[in-house]
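This report examines a protein model, taking up its ring contacts, its pocket and some details of its backbone in turn. The sequence and structure are shown first.

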Amino acid sequence: MKLLLVLVMLTASAAKYQDLSGKMFTFPLETNTAHVRLNPSSQNFEAVTVCYRFFTDIKRDHSLFSLATPLHYNELLVYWDGINKVIDFAIKNKEVFFSELDYKTNIWHSICTTWDSESGLVQLWFDGQPFTRKYVNSGATIAGPVIIIIGQEQDSYGGDFDVKQSFTGMMSDVHMWNYTLYPCDIQNYVDGLNFTPGNVLNWRALDFQIVDKVLIEHKITHCY
Ligand SMILES: *[C@@H]1O[C@H](CO)[C@@H](O)[C@H](O)[C@H]1NC(C)=O
């Protein structure tokens with residue numbers, strides 16, 4: 001009985017943080033349910049940087065990163081608007097748009113976004129290319145409890161998913177920091193070089209739950 005308990009505890013702690021290096025989440029089905037909930041190590045942010053890689057063939061609208069608080073369901077949202085062909089980046093339900101991205105299907109892309117509550121400025125890096133800095137929202141910090149979801153877009157706190165905004169494809173290397181990274185750090189992330197892993201979400205020690213059909217697979221980039 002004691003041994004069993006220890007085993008259960010070991011499995012539970014192993015399940016809490018997983019090293020997903022070299023792996024990816026595969027979202028193979030278009031649904032309004034399948035998603036991954038990412039559990040951050042802290043809940044309040046004066047500034048944030050979020051980076052990830054993704055691969056998809058969907059052309060319609062889709063969510064890439066959805067962070068909600070009880071106050072704003074688009075507290076921090078990164079979203080592809082398939083009609084206007086822009087990245088919609090929202091902080092506290094206020095949006096800015098980034099256009100003329102080379103948003104090709106069926107190849108890996110990387111996105112990094114930063115926001116600082118003091119200046120209110122956001123910036124987007126798409127495949128390592130920096131886009132114009134823009135003002136979105138200043139003064140207030142992000143105050144949790146936050147719910148972070150990939151694969152679906154939250155139209156309420158933790159729910160109201162819309163199949164027409166869902167993500168299908170693959171996603172990898174998700175990191176989040178509670179400060180804005182320097183351009184060189186972002187470049188190192190994009191190039192897959194040494195970088196300081198996220199201190200809020202760390203792909204190498206990720207705390208998450210999978211809901212419905214999402215798979216963890218090896219991210220094979222070429223054959224030998
Ligand atoms: C960022 O998070 C770390 C770890 O939770 C914490 O020690 C630090 O104070 C935070 N920094 C800021 C600027 O919020």
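## Charges over aromatic rings

In this predicted model, Lys219 is placed over the face of Trp108, at 4.4 Å from the ring centre. Another such arrangement involves Lys134, which lies over the face of Phe98 at 5.1 Å from the centre of that ring.

## Aromatic pairs and the ring cluster

Aromatic pairs number 14 in the structure. One of them joins Phe25 and Phe27, whose ring centres are 6.5 Å apart and whose planes stand at 70 degrees, so the pair is edge-to-face, the cut-off for that class being over 60 degrees. Phe25 and Phe27 are both buried.

Tyr103 and Phe126, by contrast, form a stacked pair, with 5.8 Å from centre to centre and 15 degrees between the planes. This pair links distant parts of the chain, 23 residues apart, since Tyr103 belongs to the loop between β8 (94–99) and β9 (109–116) while Phe126 belongs to strand β10 (residues 121–126). Tyr103 counts as buried because its relative accessibility is 14%, and Phe126, with a relative accessible area of 3%, is buried as well. Both residues belong to a cluster linked by ring pairs, which also takes in Phe25, Phe27, Tyr52, Phe54, Phe65, Trp80, Phe167, Trp203 and Phe208.

## The largest pocket

The largest pocket has a volume of about 200 Å³. Its lining comprises 14 residues, of which Ser21, Gly22, Arg53, Asp173 and Trp203 are the closest to the pocket centre; Trp203 is also one of the residues in the aromatic cluster.

Strand β15 (residues 169–177) supplies the largest share of this lining, namely three residues.

Leaving aside residues up to four places away in sequence, Asn106 touches Phe55, Thr56 and Asp57. The C-alpha atoms of Asn106 and Ile58 are 9.0 Å apart in space, although the two residues are separated by 48 residues in sequence.

Glu100 is exposed, with a relative accessible area of 75%, and its phi is near 60 degrees, a positive value in a residue other than glycine.

## Backbone details

Most residues other than glycine have a negative phi, and most peptide bonds are trans. Against that background, Lys92 has a positive phi of about 55 degrees although it is not a glycine. Lys92 is found in the loop between β7 (86–91) and β8, and it counts as buried because its relative accessibility is 11%, whereas Glu100, with its positive phi, is exposed.

A further backbone detail concerns the peptide bond between Gly144 and Pro145, which is cis, with omega at about 5 degrees. Pro145 is situated in the loop between β13 (142–143) and β14 (147–150).

Conventions: Residues numbered from 1 in each chain as written. Predicted model: local features only at pLDDT ≥ 70, side-chain atom pairs only at ≥ 80, totals over all residues. Heavy atoms only, no water. 1 Å grid on protein atoms, 1.4 Å probe; cavity = no way out; pocket = protein on both sides within 12 Å on 5 of 7 lines; lining within 4 Å. Points joined across faces, edges and corners; volume = space filled by probe spheres on them. Helix = DSSP H or I, 4+ residues; strand = E, 2+ residues; numbered from the N terminus. Phe/Tyr/Trp six-rings, centres within 6.5 Å; stacked < 30°, edge-to-face > 60°. Buried < 20%, exposed > 50% of the residue type's maximum accessible area, 1.4 Å probe, protein only. Lys NZ or Arg CZ within 6 Å of the ring centre and 35° of its normal. Contact = heavy atoms within 4.5 Å.
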